[in-house]
Amino acid sequence: MSLYVKDNFFNAGTTEILNEAGEAVGSVDLKSAFGSSLDVYDDRGQKVCSGTFRFFSNKWEIADKDEYEIGVLRMRMSFLTKKYEYDANERGVYEILSPAFSKEYEVVDQSGRTVAGFRRISGWLQSGAYHLENNSGHLSDWELIAVVMGVHSIQKRVNKSASSAST
């Protein structure tokens with residue numbers, strides 16, 4: 001399925017998840033401008049998953065509607081590429097890869113097969129907006145929305161700490 005999701009400028013409030021036709025198929029509640037956590041809701045307004053940083057960590061934890069951890073996203077060190085790892089517990093470990101200056105990411109399973117992809121479609125001074133294509137049989141669209149927003153949150157946190165370290 002092809003979905004579109006975006007961040008809000010102040011990282012707070014609700015934003016819609018849209019399909020290819022521009023119809024709302026769910027929403028993301030960006031809970032607070034002071035913290036980085038979110039809830040993902042389906043088209044009926046039912047919470048399906050959530051994402052948040054672990055306490056004093058750059059690991060993004062994704063939980064199901066009952067707050068049971070279903071996966072953990074973390075940044076991996078690499079040279080000239082953006083690299084993340086999503087550990088979906090018994091469903092496997094997925095790499096999220098992007099060339100250094102690219103806005104496109106691919107999600108690769110343990111056998112090296114691309115199971116999903118997303119790309120940033122917003123401009124430099126705009127809040128983050130992404131287009132997601134999911135072809136995975138093991139990761140739901142909702143879970144991948146939380147992963148995409150987790151990648152975005154990790155990047156914002158890294159950029160913020162880099163800018164504060166240089167001042």
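Reader: What does the accessible surface of the chain come to, and what percentage belongs to carbon and sulfur atoms?

Author: The accessible surface of the chain is about 9400 Å², and 53% of this belongs to carbon and sulfur atoms; such areas come from the Shrake-Rupley method with a 1.4 Å probe, and for residues only the protein chains shown count as cover. This is a predicted model, in which local features need pLDDT of at least 70 and side-chain atom pairs count only at pLDDT 80 or more, while totals for chains, interfaces and linings use all residues. Residues are numbered from 1 along each chain as its sequence is written, and side-chain values use heavy atoms, with hydrogens and water left out.

Reader: Which elements does the chain hold?

Author: The chain has 1 helix and 12 strands, where helices (H or I, at least four residues) and strands (E, at least two) are DSSP runs numbered from the N terminus.

Reader: Why is the pair of Phe-55 and Phe-56 called edge-to-face?

Author: The structure holds 4 aromatic pairs. In the pair of Phe-55 and Phe-56 the ring centres are 4.3 Å apart and the planes stand at 65°, so the label is edge-to-face, given that rings of Phe, Tyr and Trp (its six-membered ring) pair if their centres lie within 6.5 Å, with planes under 30 degrees apart counting as stacked, over 60 as edge-to-face and the rest as tilted.

Reader: What makes Tyr-105 and Phe-118 a stacked pair, and which parts does this pair tie together?

Author: The centres of Tyr-105 and Phe-118 are 4.7 Å apart with 10° between the planes, which makes the pair stacked. Tyr-105 belongs to strand 10 (residues 104-108) and Phe-118 to strand 11 (residues 114-120), so the pair ties together parts 13 residues apart in sequence. With Tyr-130, these two residues form one aromatic cluster.

Reader: How do you know whether Tyr-105 counts as buried or exposed?

Author: Tyr-105 has 6% relative accessibility and therefore counts as buried, since buried means under 20% relative accessible area, exposed over 50%, and partly exposed in between (1.4 Å probe, protein chains only). Phe-118, at 3%, is likewise buried, whereas Phe-55 and Phe-56 are exposed.

Reader: What makes Arg-157 a charge over the ring of Phe-53?

Author: Arg-157 lies over the face of Phe-53, 3.7 Å from the ring centre; the criterion asks that NZ of Lys or CZ of Arg be within 6 Å of the ring centre and within 35 degrees of the ring normal.
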